[in-house]
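Subject: Handing over the model

Hi there,

Here is the structure I promised to pass on to you. Please open it beside this message, and you can follow along as you read.

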Amino acid sequence: YDEALLESLAAANTKFKLTFEVRQQSEGAGGRLRSRLHTCIPQLPDKGQEVGEQSFVVEGCSAGRAYLFSVRARLEPKG
């Protein structure tokens, strides 16, 4: 991601809201692919400040089970 671009577009004085979508995929019953979508609201920096690395804990994962995760940034109009 171009972090500077995302931060500038999602700054408090703009008309956009920044979120991240985490897609969790695993094999469900009968071998079918199961997908879950988690929406994360990032912490944005104050003017002239930097935000450290951010994380998201996905609840409900089982030990010994394979998961595939993908993340995408979403910029949506506010309101």
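Below are my notes on the strands, the charged residues and a few side chains. Do keep in mind that this is a predicted model.

Strand pairing

Let me begin with strand β1, which covers residues 16-27. On one side of the story is strand β3, residues 68-77, joined to β1 by 10 bridges in an antiparallel arrangement. Strand β2 spans residues 33-40, and its pairing with β1 is also antiparallel, over eight bridges. β1 and β2 make a hairpin that has five residues between the two strands. In that turn, glycine 30 has a positive phi of about 75°.

Two of the bridge partners are handy for getting your bearings. Threonine 19 is partnered with arginine 74 in β3, while glutamate 21 stands opposite threonine 39 in β2.

The salt bridges

How many salt bridges does a search of the whole structure find? The search turns up three. As a general point, side chains of opposite charge can pair when their charged atoms come close.

One of these joins arginine 72 to glutamate 21, with 2.8 Å between the closest N and O atoms. Because arginine 72 sits in strand β3 and glutamate 21 in strand β1, this pair ties together parts that lie 51 residues apart in sequence.

Glutamate 21 also forms a salt bridge with arginine 74, where the closest N and O atoms are 2.9 Å apart. Here too distant parts of the chain are linked, with arginine 74 in strand β3 and glutamate 21 in strand β1, 53 residues apart.

Arginine 74 has a salt bridge with glutamate 76 as well, at 3.5 Å between the closest N and O atoms. Through shared partners, Glu21, Arg72, Arg74 and Glu76 are joined into one network.

Arginine 72 is partly exposed at 44%, arginine 74 is partly exposed at 27%, and glutamate 76 is partly exposed at 30%.

Threonine 19

Threonine 19 is in strand β1 and is buried, with a relative accessibility of 4%. Leaving out neighbours within four places in sequence, what is threonine 19 in contact with? Its contacts are Thr39, Cys40, Ile41, Pro42, Arg72, Ala73, Arg74 and Glu76. Arg72, Arg74 and Glu76 belong to the salt-bridge network described above.

Two polar contacts

Histidine 38 lies in strand β2 and is buried, at 13% relative accessible area. What does the side chain of histidine 38 make a polar contact with? The partner is the side chain of glutamine 24, at 2.9 Å. Beyond residues within four places in sequence, histidine 38 is in contact with Phe20, Glu21, Val22, Gln24, Phe56 and Val58. Glu21 in that list is the glutamate that takes part in salt bridges with arginine 72 and arginine 74.

Glutamine 25 is in strand β1, and a polar contact of 3.2 Å connects its side chain with that of serine 35. Not counting residues up to four places away in sequence, glutamine 25 touches Leu33, Arg34, Ser35, Ala66, Tyr67 and Leu68.

A nonpolar patch

Last, the surface. Leu5, Leu9, Phe16 and Leu75 form a nonpolar patch there, with about 290 Å² of accessible area together. Phenylalanine 16 is in strand β1 and is partly exposed, with a relative accessible area of 33%.

How values were computed
Residues numbered from 1 in each chain as written. Predicted model: local features only at pLDDT ≥ 70, side-chain atom pairs only at ≥ 80, totals over all residues. Heavy atoms only, no water. Helix = DSSP H or I, 4+ residues; strand = E, 2+ residues; numbered from the N terminus. Buried < 20%, exposed > 50% of the residue type's maximum accessible area, 1.4 Å probe, protein only. Polar contact = N/O pair within 3.5 Å; in protein donor to acceptor, adjacent residues only side chain to side chain. Contact = heavy atoms within 4.5 Å. Pairing = 2+ DSSP bridges. Patch = residues over 30% accessible without salt bridge, like charges linked within 9 Å, V, L, I, M, F, W, Y side chains within 5 Å. Areas by Shrake-Rupley, 256 points an atom, 1.4 Å probe, with all protein chains shown as cover. Salt bridge = Lys/Arg side-chain N within 4 Å of Asp/Glu carboxyl O.
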